[in-house]
Amino acid sequence: MASERRMDPALYKAATRGNVARLRELVDPEGPSILSSRTPQFHTVLHLAALHGHADFALEVLDMNGELLVAQNCDGDTPLHLAAKAGKLEVAALLVNLALAWPQDQWSPLVTANEKGNTPLHEAVRHHRIPVALAVLDGDPSRAYDLNERMESPLHMAAREGLVQVVQKMLDYSWVDQEFLPSSSLNGTPLHQAVLGGHLKIVEILLDKRPHLIDLADFNGDNALHLAAQKNHRRVVEMLLNKRAELAYKINSRSESPLHIAVCNGSTDAIKALLRHCPDAAEMANGQGWNAFHVSVASGKTSALSCLLRHIHPPELLNYADSDGDTPLHLAANMGHVRSALLLLNDQRVNPCIRDRGGHTARSLLETKLLTDGELHPDEMYLLEQLEKHESKRCRKDQVPPVVILSSRRRPLNDKDFDKVVDAYFIAATLIATVTFAATFTMPGGYDQTRGIALHGRNAAFMTFVVSNTVAMCSSIVVIFLLIWARQEPVMLRIHNVMWSQTLTIVACLAMLVALMTAVYITVAPTAPWPAYAVIAIGTSSPALFFFISWLGRRSLYVGM
């Protein structure tokens, strides 16, 4: 190609504009050598005409030099490839008709592959040029089964892209050698491709026209149901199971059933469909001896685990031991998957008393990890507490490993962490002391200007205000002094002071709430009762709201709900 003549600019413009008259002026009737010229991309004048959709121009060129029909550019594309990519139907139909008349002893343009191994039909399908693809199939329907370098036929690609009309037309033609549909190509069968794309109509057509595809697997041993479960295509799963329920019990090369695949990918809709049609599929174990519960725990898919807990009822499956003797609860504790462990632990069917082959319960596994590593992540510490609590209630009649008593299970505060805690309490105590001190001189309702006595001094609510305000101020002052000395004390006294500071800060905050409610009641209730009562209701509910939010946050963090 390097020795090809460079294309005349005038010819280039004529080809891109479809100017037939100008073409005739430029071409020498005695020897149209100008037509053998090329662009830098090695496009011939016919390539340009096909790319821009000029059918009359293309026909004129081919009348002058028919060999250009099979000319290839630097990407290996013939003019028909470019017409297919661009969706130029009129030019494509012309080139297809001429290709059908091509001598049988020469390579037909319809089967010529480019550098990627794609025929013109491959390119039409890949670029969603449906009319062009149908035109090629009208000319030669057997081209639907040509394979490219990825071992994909146009039928594979059309099924994946969801081109219903094209697939229907391809399947109307029965290829003589059905073995030409490889069962273990790089991308499986056309049914695999339709399932991956979630194209329900194409799946339906393939199952009707090529029912044998349902039993074929790809190079991983996955059948179509494995892929539908992976992609969470519920309707496809149901269609395949209605056609062949046995698919739910087929395993791939990794000994995984479709339910294992669905659980591993968190495909909850597919899980429900599989269990509805084949509930006993939950009993299947993979090569590691894991059932669906083990797989959901190992993959960390709490949504899948929740779904399994709702739809699988036999407790034997929840407590099933794998080849190493681990139940799903053992596995969750050992892997540190706290949310999964808590979901299992909160189900009464799960038995926390079961011991693995090493004699460990889930609780003792975590304790062993604590002894080995010296510390646990905070959420693992929470799980350990819950496991201990459940064991103490539910394992009274079982022999379980003794609880390891440690001086401190939590990581001790270092100096930097301790200083942060002290600073937080110090700031809070200082603010409380400042506010309550100021409230002492701005009594609710004000003072008698002549005698300097509080106007509401005999009111019971006022007395409550004075006492609660004093409690808040004094508690905060004590906290300030405790924290000042805490930095200078030994470690144990530091912790002692901080613990008392925490308690007294809570007391001060509660006393401030009481002071707020009584102050509003004294000044507002005589003229507008309902706002005063609303403030009292809000103030009294504040502590309960704090505990509720803390509980809800812990539940959402650890249980994943």
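Analyst: Y521 has a relative accessibility of 33% and counts as partly exposed, a class between buried (under 20% relative accessible area) and exposed (over 50%), computed with a 1.4 Å probe on protein chains only. Y533, at 48% relative accessibility, is also partly exposed. The model is predicted, so local features need pLDDT of at least 70 and side-chain atom pairs count only at pLDDT 80 or more, while totals for chains, interfaces and linings use all residues. Residues are numbered from 1 along each chain as its sequence is written, and side-chain values use heavy atoms, with hydrogens and water left out.

There are 2 aromatic pairs in the structure. In one of them, the ring centres of F462 and F465 lie 6.3 Å apart and the planes meet at 40 degrees, so the pair is tilted. Rings of Phe, Tyr and Trp (its six-membered ring) pair if their centres lie within 6.5 Å; planes under 30 degrees apart are stacked, over 60 edge-to-face, and the rest tilted. F462 and F465 sit 3 residues apart in helix α25 (residues 460–486), about one helical turn. Helices (H or I, at least four residues) and strands (E, at least two) are DSSP runs, numbered from the N terminus. Because an α-helix has 3.6 residues a turn, residues three or four places apart point the same way.

Turning to cysteines, the search of the whole structure finds 1 disulfide, defined as a pair of cysteine sulfur atoms within 2.5 Å. This bond joins C353 to C395, with 1.9 Å from S to S. It links distant parts of the chain, 42 residues apart: C353 is in the loop between α21 (338–345) and α22 (362–373), and C395 in the loop between α23 (378–394) and α24 (415–440). The angle about the S-S bond is -95 degrees, which makes the link of C353 and C395 left-handed. C353 and C395 are both buried. Elsewhere, C278 is buried at 2% relative accessible area, whereas C474 is partly exposed at 42%.
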